[in-house]
Amino acid sequence: MREIQRYRQMVSEDSPAELFEVEGEALWKKPQGPKQASLEKCDLGLGPGVLKGAYAQLPRYFKDADRVMDLETRLLHCMMALQGRSREEATQRVFGNADRPSEMESLSAYIATQSRGMKMAPGLSHPKEKEAYELGRALYFQRTGPWDFACTSCHGEESKRIRMQALPVLLKPEQARPVVASWPAYRISTSAFITLQWRMNDCYRQMRLPEPAFGSDTTVALIHFITVTGKGEPYRGPGNKR
Amino acid sequence: MQRDLHARGQATMDRVVQDGVQRVCTESNDRPPAELAKRLEADQMKTIAFPQGNLIGDWKNGERIAQDGRGLQWTDKPGAPGGGSCYNCHQLSPKEASFGTIGPSLSRFGAIRGNGPEIQKYVYGKIFNAKAYNLCSQMPRLGYSGTLTEEQIKDLVGLLLDPASPVNQ
């Protein structure tokens, strides 16, 4: 166990994630869309343009959209509202690859890093936040699809792994905390920056299910449920993963 | 789910309609009442068409199938042969270090249990429809779902039971 911690420590210094943070900063400031506006007035929950600590208080309820949003969902909202971009255009390429990250990935890196050291504190008090938590929890247990998988099929029992990948039981705070503290992250094996919307999408793919819409209530609820379960953990990301 | 998910590739929306087994297991947190479990397991058993004769296929092909994690995803070509993803969850050949622990180790399965008609039938049936033996098992119903063909399942039976298979060394 100590060796993997040492490995993680080593890869977190001069992290490749920093390259994505730099790209994200440029995108945050870049005028885009029909309104030729940057994202600098985007309100991530602490006021327009306030980035310090913003990631740590997500997901949360947003009155202007009347729904709970995670970081990427909120970024999409700002791309549409501030930059005048259509949903279709802004979500055309939400997940990137080794050759080129997506806007969402770079922006996520840039914004997440500014919550480093702060305790994860997703929204808990608004009725819709409670609803999202309950929905996420229900989805976590729902067995469905041709392989009868639920999240619990892999993430339901202690000390299990798929091939060599350890599987945290995200129902348990002590296992959810290190997870929420390290996403989004640079995935070394694919040279790609991965986000929680990507993770939910890819889980559904591997569960042999149809695709969840980007920023849908389903994906937000799952992310919210996991973040609430891991709340209180000081954010350490963006991280590096295998 | 109906609203937020959409079909992509071969992953169509009919997949999210829960069947009785999935509903019962979801509602009971995978701990169904014993009577109900017995009845539903018997129903699941009826879905298995056991082939006649020897069920031990080609273990070399079985090893390939066990290693293959493709099939039924929206990134997989519809109709293309898929694998069983067996190593995702199980230990099998001692030569393969990269194995999962979601399911029990199958190391030396045939060496321990023999390879006669009863055990052949058990292994075939379990792979075809694991829910016939344990209603809320996390193991996919690989035959019932159309993931694996009869021949592929026989090859996996070979992988587990053939004395020459690496699993039994």
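User: How many helices and strands does the secondary structure of chain A come to?
Analyst: This is a predicted model. The secondary structure of chain A holds both kinds of element, and the count is 10 helices and eight strands.

User: What is the radius of gyration of chain A, and why does chain A count as compact?
Analyst: The globule rule gives 18 Å for 242 residues. Chain A comes close to that value, so it is as compact as a globular protein of that length. Along the principal axes, its C-alpha atoms fill a box of roughly 50 × 40 × 35 Å. The radius of gyration of chain A is 17 Å.

User: What share of the residues of chain A is buried?
Analyst: A residue is buried if 20 or more other C-beta atoms lie within 10 Å of its own. Among the 242 residues of chain A, the buried share is 45%.

User: In what order do the three strands of the open sheet in chain A stand?
Analyst: The pairing in this sheet is mixed. Strand 6 (192–194) and strand 8 (239–241) of chain A each have a single partner strand, so they stand at the edges. Neighbouring strands are turned by 35° against each other on average, direction ignored. The order is 6-5-8.

User: In which sense do strand 5 and strand 8 of chain A pair, parallel or antiparallel?
Analyst: Strands of a sheet can pair either way, through backbone hydrogen bonds. Strand 5 of chain A covers residues 185–187. Three bridges join it to strand 8 of chain A, and the sense is parallel.

User: Which residue in strand 8 of chain A is the bridge partner of A185(A)?
Analyst: Strand 5 of chain A, residues 185–187, pairs with strand 8 of chain A. For A185(A), the bridge partner in strand 8 is G239(A).

Technical notes:
Residues are numbered from 1 along each chain as its sequence is written. Chains are lettered from A and ligands numbered from 1 in the order in which they are written. This is a predicted model: local features need pLDDT of at least 70, side-chain atom pairs count only at pLDDT 80 or more; totals for chains, interfaces and linings use all residues. Two strands pair if DSSP finds at least two bridges between them. Helices (H or I, at least four residues) and strands (E, at least two) are DSSP runs, numbered from the N terminus. Axes are lines fitted to C-alpha atoms, for helices over the stretch in contact, and angles run from 0 to 180 degrees between N-to-C directions. The radius of gyration is taken over C-alpha atoms; the globule rule is 2.2 Å times the number of residues to the power 0.38. A residue is buried if 20 or more other C-beta atoms lie within 10 Å of its own, exposed if 12 or fewer, and partly exposed in between; C-beta atoms are placed from the backbone.
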